[in-house]
Amino acid sequence: MKYHIVTYGCQMNLHESEKIAGVLKESGYDASAPLEEADIIVFNTCCIRENAENHAFGNIGALKKLKRQKKHLLIAVGGCMVQEEGKAKLLKEKFPFIDILFGTHNLPELKSLIERKRQQKKAQISVPEERKETEDGIAPVRTSYPNAWVNVMYGCNNFCSYCIVPYVRGRERSRDASVILSEVKELVSAGYKEITLLGQNVDSYRGADGTDFPALLDAVASIEGNFRIRFMTSHPKDFSPELVAVMKKHEKICRHLHLPVQSGSNRILRLMNRRYTREKYLEELALLRREIPDCEVTTDLIVAFPTETEEEFEETLSLVREADFSSAFTFIFSPRSGTRAAQMEGRIPEEVAKDRITRLVALVNEKTREKSAKYVGKTMEILCEDYDEKKGLLLGRDGYGRMGYFEGGRERIGEFVRLKINRANGISLYGDPIDG
Ligand code: SAH
Ligand code: SF4
Ligand code: F3S
């Protein structure tokens, strides 16, 4: 029997899908297959913005026909959207053919839900509100070699006023440092070359023995072996000189910090409940660059938050100019039911929001292009991660988070490769391997 998993959302969800695959293996589904050939299809959903939800709704709806043709096919829907208040019920009403609905807190239960569904006609629904344990005992089926994701913490306590994550992922829970360290050691000995430490807000990490995130990062980077480390996401309110010191101390830690700023306006930041100012954010970047001058910074930005004025939006533009990001993810504010911002007055009309995002994207792209152009003629060292079918080229990222493409065979995936860069296009750099 075969499975097919459709994943939406962040890295956390991508890794969770690897765990879902682990559970499916235990339930007798032994290989992944294209959608039409699968005996079970699992949707791992996201609800961060409305369009993420619409995507999932569309694709789940499209399965009705397949389900009718293939009687034994099971359809399971899990992840953040299912955890949203009232959504499980809505999904069941809209798509009565769904066999299993599970939330974000009950992955270990998925196996028994599948077993029960095989015995009973009735749909199996389990969406518990919270989960205290940080270990699930599931061996993930990793699909991202040479990268491996490792959770350091789950949940979020920050309640940024626009964000649904604290509601669907629950309160912060940190894994024990010793468990994280042994997982990383195992992955490194198994040949993984890049470890990405994951958490909604890694700076809030606090192990049961009192280990904080800089100490954890220090310990992970002290593990012997030829591998590099990334981590995400950091929060500017918790940014610490200790973190910078640890990054500086270890070459293994990538010279790249993803530090979402969201807005350049202090009034909007306050409404967002971000708990830092534009000035503090820029000071943090200055400290980081004083200590590690070549460190690259990327960010997330939201435009058209309720009541955002043209001047306040322009403050975001000017922050982008000042902060010198190497790239940024840009979003239009999307009201999420249950969050504080969804109840705020002063929604920004769609045309204005679209105009703002267009201007912001143009600026971000211009900055990225300017930065990329400077690398032409220089060298970069990438970890070869994948083969891009469309381009017919191998690709990978360097320690600064830049993408590099080159010609070669798939056997090079997992190798560190030095490239002489001869062309830049947006964030992508193209080059030829040197030293063979
Ligand atoms: N925990 C991470 C990631 C959160 S989700 C963090 O705190 O940075 C990733 C990004 O989605 C956020 O940084 C934010 O820019 C964006 N986002 C979250 N909720 C949103 C909403 N309601 N509308 C638009 N963008 C949103
Ligand atoms: Fe959402 Fe804010 Fe938590 Fe990030 S820190 S997950 S944006 S509430
Ligand atoms: Fe989406 Fe859930 Fe991640 S809402 S962004 S999949 S934590």
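The shell around ligand 3 consists of five nonpolar residues, three polar residues and one charged residue. The model is predicted.

**Ligand 3**
- The residues that surround ligand 3 are Gly-9, Cys-10, Asn-13, Cys-46, Cys-47, Ile-48, Cys-80, Arg-169 and Gln-200.

**Ligand 2**
- Around ligand 2 are Cys-156, Asn-158, Phe-159, Cys-160, Tyr-162, Cys-163, Val-165, Pro-166, Gln-200, His-235 and Arg-274.
- Sorted by class, this shell of ligand 2 holds seven nonpolar, three polar and one charged residues.
- Gln-200 is listed around ligand 2, and Gln-200 is also listed around ligand 3.

**Ligand 1: position and shell**
- Ligand 1 has 14 residues around it, of which Arg-49, Gln-200, Gln-262, Asp-300 and Ser-334 come nearest.
- Seven residues of the shell around ligand 1 are nonpolar, four are polar and three are charged.
- Ligand 1 lies between domain 2 (144-254) and domain 3 (285-372), because both domains give residues to its shell.

- The side chain of Arg-49 places an N or O atom 3.0 Å from an oxygen atom of ligand 1.
- A polar backbone atom of Tyr-162 is 3.0 Å from a nitrogen atom of ligand 1.
- For Asp-300, an N or O atom of the side chain is 2.6 Å from an oxygen atom of ligand 1.
- On its own, ligand 1 would expose 540 Å², and the protein buries 88% of that area.
- Strand 13 (296-303) and strand 14 (327-332) are the elements that give two or more residues to the shell around ligand 1.

**Helix 5**
- Lys-87, Ala-88 and Leu-91 are the buried residues named in helix 5 (residues 87-94).
- The buried residues of helix 5 line one face of the helix, because they fall within an arc of 105° when seen down its axis.
- An α-helix has 3.6 residues a turn, so residues three or four places apart point the same way.
- Lys-89 and Glu-93 are exposed on the other side of helix 5.

**Gln-119**
- Helix 6 (residues 110-119) contains Gln-119.
- Gln-119 counts as exposed because its relative accessible area is 68%, and the cut-off for exposed is over 50%.
- Gln-119 and Gly-404 are 285 residues apart along the chain, and their C-alpha atoms are separated by 50 Å.

Conventions:
Residues are numbered from 1 along each chain as its sequence is written. Chains are lettered from A and ligands numbered from 1 in the order in which they are written. This is a predicted model: local features need pLDDT of at least 70, side-chain atom pairs count only at pLDDT 80 or more; totals for chains, interfaces and linings use all residues. Side-chain values use heavy atoms; hydrogens and water are left out. A residue is near a molecule or strand if one of its heavy atoms lies within 4 Å of it. Ala, Val, Leu, Ile, Met, Phe, Trp, Tyr, Cys and Pro count as nonpolar, Asp, Glu, Lys and Arg as charged, and the others, Gly among them, as polar. A polar contact is a pair of N or O atoms within 3.5 Å; within protein, one must be able to donate a hydrogen and the other to accept it, and residues adjacent in sequence count only if both atoms are side-chain atoms. Accessible areas come from the Shrake-Rupley method with a 1.4 Å probe; for residues, only the protein chains shown count as cover. Helices (H or I, at least four residues) and strands (E, at least two) are DSSP runs, numbered from the N terminus. Domain bounds come from an automatic or database domain assignment. Buried means under 20% relative accessible area, exposed over 50%, partly exposed in between (1.4 Å probe, protein chains only). The arc is that of the directions from the helix axis to the C-beta atoms.
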